[in-house]
Amino acid sequence: MAPAIAQLATAGVQALRPYAPGKPLTELEREYGITDAVKLASNENPLGPGPRVLEAVRGGFDELARYPDGNGFALKAALAEKHAVPTEAITLGNGSNDVLELVARAFLSPATSAVYSAHAFAVYPLVTQAIGARANVAAAHDGNDGPRFGHNLEAMHAAIDADTRVVFIANPNNPTGTWLDRAALQRFVTAVPDHVIVVIDEAYFEYVDEAEYPDSMEWIPDFPNLLVTRTFSKAYGLASLRVGYGVSQPGLADVLNRVRQPFNVNSFAQLAAVAALQDAAHLQESVQVNHSGMQQLLEGVEAMQLPYIPSVGNFLSVDVGRDPGAVYEALLREGVIVRPVDNYGMPGYLRVSVGLPDENRRFLLALEKVLAA
Ligand SMILES: *Cc1c(COP(=O)(O)O)cnc(C)c1O
């Protein structure tokens, strides 16, 4: 008898559980017959992109039949200027997830390991397992010497072994919203052995307003093994287009670009990203909307006396004190999509993204109703 197809897959892929994305609005509306649902499930920018982006994207229609610029000339030039690095330092990705996967493809194998923290972003275990590499998962802080659920850099350092080739660090981390300060992170990067690539994932960089929050790109000249990733999916409001990037020394970027698909970032994404970089006012407004929305959410959950993890991102993980799957389902029936994150080793937690004032209010009212029932 022929083997089941899944059994022909590599061991890593057989064990893989696919990423569970936030439920799309259209799916909720289809399944529940709801028309005015709100989605606060994927840390998207509730304002969307600014008018400059919409204008720039229109230019893409004239070139629909052409392959995109595989080298991303204009976008790399804009990023090189923004970060004061040579264009050879930049690796463009189909979202920054793509860059994370390039790292795994280029540096991991079944004979190697990757290190990341418990409760870290789900893509690190995914790309590690897909390759069949070993995962050395470091225990997170328990709340004594650092924020509960936050990355514990000492434990992460201890998890590095002779076979480790990659360390993934999210700063801040999703779904916890916890962050690492400059001194501690710089000490960690300095102490990591030379044979290990350090990936610092700064998907929420633009939102963070903490004096001790580092811009780890400053350390790139000192560390050939350091890669910093950023994205246009969050504060820049371009999640649907899929565009992110990594910055490193050119040697590391060269390796990543060898395994990159030649046309991984489409033309609309490139046009939009360049325009988004030129619209500082829209970015500032997005950050401001997030800041006040976060205040609104915090006041609401505090009024309900629900524990939460203090977050510097555009999302908040809340302990609803009971099966979060059931609360999630009940919220869906109220037309509010959030994200259960108990599968991140955070039993009882739901993650809500910061929305517009009305969306936040919808969520808080629905949560209050659901928890009272
Ligand atoms: C959202 C997110 C990303 C970015 O994903 P894209 O592929 O750029 O859309 C990367 N890292 C973390 C921690 C995230 O939460």
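## Pocket exercises on a predicted model

The second largest pocket is lined by 26 residues, and R17, P18, A122, N343 and Y344 lie nearest its centre. The model is predicted.

**Exercise 1.** Find which elements supply at least two residues each to the lining of the second largest pocket.

*Solution.* Start with the elements. They are β3 (113-117), α7 (123-131) and β12 (339-340). α7 gives the largest share, three residues.

**Exercise 2.** Describe the second largest pocket by volume and by the residue classes of its lining.

*Solution.* Volume comes first: about 680 Å³. Then sort the lining. It divides into 17 nonpolar, six polar and three charged residues.

**Exercise 3.** Work out where the second largest pocket lies relative to domain 1 and domain 2.

*Solution.* Domain 1 covers 5-48 + 281-372, and domain 2 covers 51-278. Both give residues to the lining. The second largest pocket therefore lies between them.

**Exercise 4.** Characterise the largest pocket by volume, lining and residue classes.

*Solution.* The volume is about 860 Å³. The lining holds 44 residues. Nearest the centre lie S42, E44, S233, K234 and A239. Elements giving two or more residues to this lining are β1 (38-39), α4 (51-58), α6 (96-107) and β13 (349-353). By class, the lining residues are 21 nonpolar, 15 polar and eight charged.

Conventions: Residues numbered from 1 in each chain as written. Predicted model: local features only at pLDDT ≥ 70, side-chain atom pairs only at ≥ 80, totals over all residues. Heavy atoms only, no water. 1 Å grid on protein atoms, 1.4 Å probe; cavity = no way out; pocket = protein on both sides within 12 Å on 5 of 7 lines; lining within 4 Å. Points joined across faces, edges and corners; volume = space filled by probe spheres on them. Helix = DSSP H or I, 4+ residues; strand = E, 2+ residues; numbered from the N terminus. Nonpolar A, V, L, I, M, F, W, Y, C, P; charged D, E, K, R; others polar. Domains from an automatic or database assignment.
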